[in-house]
Amino acid sequence: MLIVDHLPAEPPPPSSLPEPLVLTWEERAKTHQRVTTQAGREIGIKLPTGSRLLPGTVLYVGDTFHVEVAAACEEVWLIRTTDVRALLRVAYEIGNRHFPIDPGDDSVAVLYDHTLAELWDRLGVVAQRVRQPFLSGQRPSHHH
């Protein structure tokens with residue numbers, strides 16, 4: 001088993017093959033855990049408290065491969081509308097319940113919880129239950 005207690009300082013060489021480590025949103029927040037890559041390689045993660053494993057993070061660089069974090073598809077509620085006020089209301093209500101949200105340009109996603117079905121009816125919005133990566137607070141930022 002590989003033990004990862006710090007992230008590599010250098011990027012993998014161009015000839016290195018990526019070995020995906022698919023993790024849920026919750027797993028990407030854990031700093032101490034045992035996980036298995038898609039190729040079956042066991043890894044013990046022991047990173048400093050507060051570390052967050054964003055999709056695309058390289059955890060380990062070996063001789064011919066590197067382990068790279070990928071976001072798992074998860075059950076989420078997806079609310080899409082061009083009505084900005086409705087999206088703001090949805091985001092407010094979700095945040096008021098202390099659920100993390102994944103805001104998009106014309107959508108809001110929240111991890112699936114059956115108790116939210118009643119909220120969608122009360123707010124008069126259509127929410128779809130879909131499987132997709134949940135990236136709350138983990139989207140790449142755009143800088144100029």
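View 1. Strand β3 (residues 32–36) has a covered face formed by Gln 33 and Val 35, while His 32, Arg 34 and Thr 36 belong to the uncovered one. Helices (H or I, at least four residues) and strands (E, at least two) are DSSP runs, numbered from the N terminus. This is a predicted model, in which local features need pLDDT of at least 70 and side-chain atom pairs count only at pLDDT 80 or more, whereas totals for chains, interfaces and linings use all residues. Residues are numbered from 1 along each chain as its sequence is written, and side-chain values use heavy atoms, with hydrogens and water left out.

View 2. Strand β4 (residues 42–46) pairs with β3 in the antiparallel sense over 5 bridges; two strands pair if DSSP finds at least two bridges between them. Across this pairing, Gln 33 stands opposite Ile 45 of β4. The hairpin has 5 residues between its strands, and Gly 40 takes a positive phi near 95° there.

**View 3. The nonpolar cores.** The largest nonpolar core has 13 residues, and Leu 21, Ile 43, Ile 45, Leu 53 and Leu 59 have the most contacts inside it. At least two residues of this core come from each of β1 (2–4), β2 (17–23), β4 and β6 (65–71). Strand β6 supplies the largest share, 3 residues. Apart from this core lies another, of 12 residues, including Leu 87, Leu 116, Leu 119 and Val 125. A nonpolar core is a set of buried Ala, Val, Leu, Ile, Met, Phe, Trp, Tyr and Cys residues joined through side-chain atoms within 4.5 Å. Buried means under 20% relative accessible area, exposed over 50%, and partly exposed in between (1.4 Å probe, protein chains only). In soluble globular proteins, nonpolar side chains tend to be buried together.

**View 4. The surroundings of Ile 45.** Leaving aside neighbours within four places in sequence, Ile 45 is in contact with Val 4, Leu 21, Thr 31, His 32, Gln 33, Val 35, Leu 53 and Leu 59. Contact means heavy atoms within 4.5 Å.

**View 5. Glu 19 in strand β2.** Glu 19 lies in strand β2 and counts as buried because its relative accessibility is 7%. Not counting residues up to four places away in sequence, Glu 19 touches Thr 37, Ala 39, Arg 41, Phe 65, His 66, Val 67 and Glu 68. Glu 19 and Gly 62 are 43 residues apart in sequence, and their C-alpha atoms are 10 Å apart in space.

**View 6. Glu 93 in helix α1.** Helix α1 (residues 84–96) holds Glu 93, which is buried, with a relative accessible area of 6%. Beyond residues up to four places away in sequence, Glu 93 touches Leu 119, Arg 122 and Leu 123.

View 7. Arg 97 is placed in the loop between α1 and β8 (101–103). With a relative accessible area of 34%, Arg 97 is partly exposed. Its contacts, leaving aside neighbours within four places in sequence, are Leu 116, Leu 119 and Arg 122. The C-alpha atoms of Arg 97 and Arg 28 are separated by 22 Å, and the two residues are 69 residues apart along the chain.
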